[in-house]
Amino acid sequence: MRTLALLLVFGAVCATAEAARLEPAFPALEFERPLDIQSPRDGSGRLFVVEQHGRIKQFRNDPAASQAQVFLDIRDRVDYDENEQGLLGLAFHPDFKTNGYFYVNYVAAKPLRTVIARYRAVDSIASRDSEQVLLEIPQP
């Protein structure tokens, strides 16, 4: 009975998957090892893509967008030699529109550690020098 129920569920999922079709959301844009996409919810209509090797790019939330601008580049601070390392996350402060604060999670080397840091953006570009490390966790 369990096998039959499992096969019915699997069959329903497969039938749905066959009907689904994947299409690029932003066909004119290319990213290197993208692993996160975020909206600052600031009314700007921008999206931000986190690239594992240490860059965040921003672009218009429009399928016809053809250019992505570098928002933050911390490749020199990020260790991405292994698949589970690199720039791993981005979160915007709830009042980002006013204060420009956003937070990143990355793996740094020498010594190997996870870093949670706050940055500040001014005029749509993040200031590398504004980094304030909030938490560091040693990696084994």
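Buried means under 20% relative accessible area. Thr114 has a relative accessible area of 12%, so Thr114 is buried. The legends below describe a predicted model.

View 1. Thr114 belongs to strand 7, which spans residues 113-122. With a relative accessible area of 12%, this threonine is buried. Its side chain makes a polar contact with the side chain of Gln139, at 2.3 Å. Setting aside neighbours within four places in sequence, Thr114 touches Asn105, Tyr106 and Val107 among others. Its contacts also include Leu135, Glu136, Ile137 and Gln139.

**View 2. A nonpolar surface patch that includes Ile137.** Leu134, Leu135 and Ile137 make a nonpolar surface patch. The patch covers about 260 Å². Ile137 sits in strand 8, residues 125-138. Its relative accessibility is 40%, so Ile137 counts as partly exposed. Both Leu135 and Ile137 are also in contact with Thr114.

**View 3. The whole chain.** The chain has two helices and eight strands. From the N terminus, the order of elements is α-β-β-β-β-β-α-β-β-β. Of the 140 residues, 32% are buried. Contacts between residues at least 6 apart in sequence were also examined: 38% of them join residues at least 24 apart. The accessible surface comes to about 9300 Å². Carbon and sulfur atoms account for 53% of that surface. The structure holds 10 salt bridges.

View 4. The side chains of Glu51 and Lys57 form a salt bridge, 3.5 Å from N to O. Are these two residues buried or exposed? Glu51 has a relative accessible area of 0%, so Glu51 is buried. Lys57 also counts as buried, because its relative accessibility is 13%. The pair is part of a network of salt bridges that links Glu32, Glu51, Arg55 and Lys57.

**View 5. The salt bridge of Arg60 and Asp62.** Arg60 forms a salt bridge with Asp62. The closest N and O atoms are 2.6 Å apart. Arg60 is partly exposed, with a relative accessible area of 46%. Asp62 is partly exposed as well, at 25%.

**View 6. The salt bridge of Glu131 and Arg77.** The side chains of Glu131 and Arg77 meet in a salt bridge, at 3.2 Å from N to O.

**View 7. Strand pairing around strand 6.** Strand 6 covers residues 101-108. Strand 5 pairs with strand 6 in the antiparallel sense, over five bridges. Which residue of strand 6 is the bridge partner of Gly89? The partner is Asn105. Asn105 is also in contact with Thr114. Strand 6 and strand 7 pair in the antiparallel sense too, over eight bridges. Here Phe102 stands opposite Tyr119 of strand 7. In a regular strand, side chains alternate between the two faces of the sheet.

View 8. Strand 6 and strand 7 form a hairpin with four residues between the strands. Lys110 takes a positive phi there, near 55°. The peptide bond from Lys110 to Pro111 is cis, with omega near 0°. Pro111 sits in the loop between strand 6 and strand 7.

View 9. Arg33 is a residue other than glycine with a positive phi, near 50°. Arg33 lies in the loop between helix 1 (2-19) and strand 1 (34-38). Its relative accessible area is 47%, so Arg33 is partly exposed. What is the phi of Ser124? The value is near 70°, again positive in a residue other than glycine. Ser124 is placed in the loop between strand 7 and strand 8. At 36% relative accessibility, Ser124 counts as partly exposed.

Key:
Residues numbered from 1 in each chain as written. Predicted model: local features only at pLDDT ≥ 70, side-chain atom pairs only at ≥ 80, totals over all residues. Heavy atoms only, no water. Buried < 20%, exposed > 50% of the residue type's maximum accessible area, 1.4 Å probe, protein only. Polar contact = N/O pair within 3.5 Å; in protein donor to acceptor, adjacent residues only side chain to side chain. Contact = heavy atoms within 4.5 Å. Patch = residues over 30% accessible without salt bridge, like charges linked within 9 Å, V, L, I, M, F, W, Y side chains within 5 Å. Areas by Shrake-Rupley, 256 points an atom, 1.4 Å probe, with all protein chains shown as cover. Salt bridge = Lys/Arg side-chain N within 4 Å of Asp/Glu carboxyl O. Pairing = 2+ DSSP bridges.
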